[in-house]
There are 2 protein chains.
Amino acid sequence: MEAVRVGLLGLGTVGSGTVNVLTRNRDEIARRAGRAIEVTRAAARSLDKPRACDVSGIELTDDAMQVATSPDIDVVVELIGGTAQARELVMAAIDHGKHVVTANKALIALHGNEVFEHARVKGVSVAFESAVAGGIPIIKALREGLAGNQIEWLAGIINGTGNYILTEMQAAGRDYADVLAEAQALGYAEADPTFDVEGIDAAHKLTILASIAFGHPLQFDKVFTEGISRLTIDDLHYAADLGYSIKHLGIARRGADGIEMRVHPTLVPERRLIANVDGVLNAVLVQGDAVGPTLYSGAGAGAEPTASAVVADLVDVVRMLHGDPVHRVPYLAFQPDALSDLPVVRMEEVETAYYLRMLVEDRPGVLADISTILAREGISIEAVVQREARGESHVHLVMLIHRVKEGRMNAALAGIEALPAIEGSVMRIRVESLGTD
Amino acid sequence: MEAVRVGLLGLGTVGSGTVNVLTRNRDEIARRAGRAIEVTRAAARSLDKPRACDVSGIELTDDAMQVATSPDIDVVVELIGGTAQARELVMAAIDHGKHVVTANKALIALHGNEVFEHARVKGVSVAFESAVAGGIPIIKALREGLAGNQIEWLAGIINGTGNYILTEMQAAGRDYADVLAEAQALGYAEADPTFDVEGIDAAHKLTILASIAFGHPLQFDKVFTEGISRLTIDDLHYAADLGYSIKHLGIARRGADGIEMRVHPTLVPERRLIANVDGVLNAVLVQGDAVGPTLYSGAGAGAEPTASAVVADLVDVVRMLHGDPVHRVPYLAFQPDALSDLPVVRMEEVETAYYLRMLVEDRPGVLADISTILAREGISIEAVVQREARGESHVHLVMLIHRVKEGRMNAALAGIEALPAIEGSVMRIRVESLGTD
């Protein structure tokens, strides 16, 4: 049988990785897919840039639209990133009856509903395993491997840059800014790190995971997002003293009132496996009603880990290249006409436990004042620890708070921050047990 | 569309779990699969036994062959276990054009080649996700999620009973026999625990994982198998002192000379995530050339975790119920005509590092004698520790040995055990770093 012809949009890190994996493992892949898979055309912004892959045999152009719509291409792989041009190219490729594989989490999170509807009408596949958690086959696990379950919740370390920074802060006792600068020098963080450290990238990925888990349309604008840039070494150390790691998690949960979607720093009991996933690694913990908790971990980024997922998608697509679309796995796990309209819960209505850290005057009565405000909101305290704050005349008061709705905690924090004995604002970090023991 | 009609063979723990999951999550499953899935017939050995599931609406019989071949059944789910009757039923179901889902690792490991060939001829699916690592979708991850990779090796905790026993021995400092008795009382271990503790069950599962990873026919008889029944608390503690956990691993590796398949207790650096997978949990660590290491963990047994995998297989099968078999994922990941004939390496030729523990007379010259024998075989020592043996006049000599072929180690051990200063036999446990740091 003739090789399947792939048109590649983008020849950067992941594009080159994809060419390298397809070339190196050509035989192995063909033995699995039943057909060889070949990149025959590729589009790159600059044609005379040195490449990290061998492009001989590939027809290069700087006209991405030409590749996306070329009649001699079976599958288009979109690896240019961004949303404007990528959307245009992907929609055009679908228009021309091409199957699409993309690593573009922003595109799927923001425009996925529209892309999938267009693909459904045209009867083509759109695969995006590489858009979430790099090489970890988490989309496949959630969408197919756990298809018998009602997914109750999932929690993921889905941004490697953020996890690297937290791990280094914890292990080396170094400041956020210091570690970030190093991560930038090492190429783990972008010059503008906002997408990673403020949780936007994680929110894109969480949007996708939540829809696949619960069967609702993609709703990026409803994800609550808080970054890691305010975390201090003190918080990491106090958390460790209390038996917790701090991880930047994307969390989706199905509750009685609807779906929670949130990205924020989270205290996780250090006995959990996911609390020990360090450095640039990613991991996703999924709780299904039948299977219980399952964990998936591995490289969440990088040329070949991401290419691994791109090629897995290609093999899936190739297997069904001319198959009746009815046999395909639905884009968002659930049949398009069976998506639910579960509401997304406002953050004020979300219930979690909390870690609070505040700088207070070291005198009698302060704790009583704080406790009174908490009690007024019906909030109960699990633990209180007082610590010398480094180089401060005040002390750190650290509290663990039992589960309560965010709205009540917001009200209590406003009250506490108004107390004269409190210096500055209160650091509030959510706590999730991620298990039942 | 009409519901897909499932015939269930076996209404024990997993069978009841499957009925319960299919009933409870009926809507959710139909929204994913595009069709409802219903158990319409079931076979049980005894018809008036109380069930752990609601069987109203299911036609019960004690004639399993009747269910397996019934004209009004679309998919047969085999959950009776064992190999003789199960093989007969599965072959008959295939004969009658039924798709088959089975949780039977022994059946697949021992008769899979024949079963798959028959199914290929008849154009039906045989799915067996639940046969390995219970609810963890490891078959799907290996077979599809990592399809772009050359798999270099995999290592799995694939027997929950064994892992429970080792975890308890380590945590509570209790003897093997003591913990085994407790595991039997709790229902984690069978009255005859041989299959679990001697590694036969793990060898069945490893046989399947290795074939899917490397694309060779199933070869259970070539798996090297060593159980955990000889391990002592001392070994667990000495290993911990050296920075290792002892796990009962199934390991498959592709080397220059062929495939290694082995099940044995293994020292694993405790910084590895898999070294921290405790209790009855399972986990599989897979090293792919593109993706690097990925880990999958979760419940490896139990009614609903296993049912979770059975139902996932059902959804896959239902999706392709009347699809052209060319669109299906091959049984063993690789197309049947593209399976390789890679040889399996004899255990004597396998290279690993080692932990040795021996009871020796506490006098000068003993270490020199041992070192001389090791040196003669070209074996180099990484570390030596001497420990007081509990209640013994001799001392424990514990050694870590650099990587060397098993044949050489066997020769050295024969020499060492012949020394007059050595009491009894040497405990030899293989050591695997399972990583590059």
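Modeller: Two strands count as paired if DSSP finds at least two bridges between them. Strand S1 (residues 4-9) of chain B and strand S2 (residues 37-43) of chain B meet that condition, with six bridges in the parallel sense. One position in this pairing can be named: B:Leu9 is opposite B:Ala43 of S2(B). Please keep in mind throughout that this is a predicted model.

S1(B) and S2(B) belong to an open sheet of six strands in chain B, in the order S3-S2-S1-S4-S5-S6, and the pairing is parallel. The edges of that sheet are strand S3 (59-61) and strand S6 (126-127) of chain B; each has a single partner strand, so one side of each is left without a neighbour in the sheet. A helix lies over this part of chain B. Helix H12 (residues 303-319) of chain B lies across S1, S2, strand S4 (75-78), strand S5 (99-102) and S6 of chain B, and runs at about 165 degrees to S5(B).

Chain A has its own open sheet, with six strands in the order S3-S2-S1-S4-S5-S6 and parallel pairing. In chain A, strand S3 (59-61) and strand S6 (126-127) are at the edges with a single partner strand each, and therefore one side of each has no neighbour in the sheet. Further in, strand S4 (residues 75-78) of chain A runs parallel to strand S5 (residues 99-102) of chain A, and four bridges join them. Here A:Val76 faces the position of A:Val100 in S5(A), standing opposite it. Helix H1 (residues 13-24) of chain A lies across strand S1 (4-9), strand S2 (37-43) and S4 of chain A, at about 155 degrees to S2(A).

For chain A it gives domain 1 (4-135 + 303-338), domain 2 (142-298) and domain 3 (349-431). The C-alpha centres of domain 1 and domain 2 of chain A are 27 Å apart. In the contact between these two domains of chain A, 17 residues of domain 1 meet 20 residues of domain 2. The side that domain 1 of chain A turns to domain 2 of chain A consists of 12 nonpolar, four polar and one charged residues.

Strand pairing also links the chains. S12(A) and strand S12 (residues 292-299) of chain B pair in the antiparallel sense, over three bridges. In this pair A:Leu295 is opposite B:Ser297 of S12(B). The whole contact between the chains takes 52 residues from chain A and 52 residues from chain B. On the side of chain A that touches chain B, at least two residues come from each of helix H2 (26-33), helix H6 (138-145), strand S12 (292-299) and helix H12 (303-319) of chain A. H12(A) gives the most to that side, namely nine residues. By class, the side of chain A that touches chain B has 25 nonpolar, 18 polar and nine charged residues.

Two helix pairs in chain A complete the picture. Packed helices are described by the angle between their axes and the distance between the axes. Helix H7 (residues 160-172) of chain A packs on helix H8 (residues 176-186) of chain A at an angle of about 130 degrees, with the axes 9 Å apart. H7(A) is therefore oblique to H8(A), and the crossing is right-handed. H7(A) makes this contact through A:Thr161, A:Tyr164, A:Ile165, A:Glu168 and A:Met169, and H8(A) through A:Tyr176, A:Val179, A:Leu180 and A:Ala183. The residues of this contact of H7(A) with H8(A) are seven nonpolar, one polar and one charged.

The other pair is helix H13 (residues 366-376) of chain A and helix H14 (residues 406-417) of chain A, packed at about 155 degrees with their axes 9 Å apart. That angle makes H13(A) roughly antiparallel to H14(A). The crossing of H13(A) and H14(A) is right-handed. A:Ile370, A:Ile373 and A:Leu374 of H13(A) make the contact with A:Ala412, A:Gly415 and A:Ile416 of H14(A). Five residues of this contact of H13(A) with H14(A) are nonpolar, one is polar and none is charged.

Conventions:
Residues numbered from 1 in each chain as written. Chains lettered and ligands numbered in written order. Predicted model: local features only at pLDDT ≥ 70, side-chain atom pairs only at ≥ 80, totals over all residues. Domains from an automatic or database assignment. Contact = placed C-beta atoms within 7 Å. Nonpolar A, V, L, I, M, F, W, Y, C, P; charged D, E, K, R; others polar. Axes fitted to C-alpha atoms, helices over the stretch in contact; angles between N-to-C directions. Parallel < 35°, antiparallel > 145°, perpendicular 65-115°, else oblique. Left-handed = near helix turned anticlockwise from the far one by under 90°.
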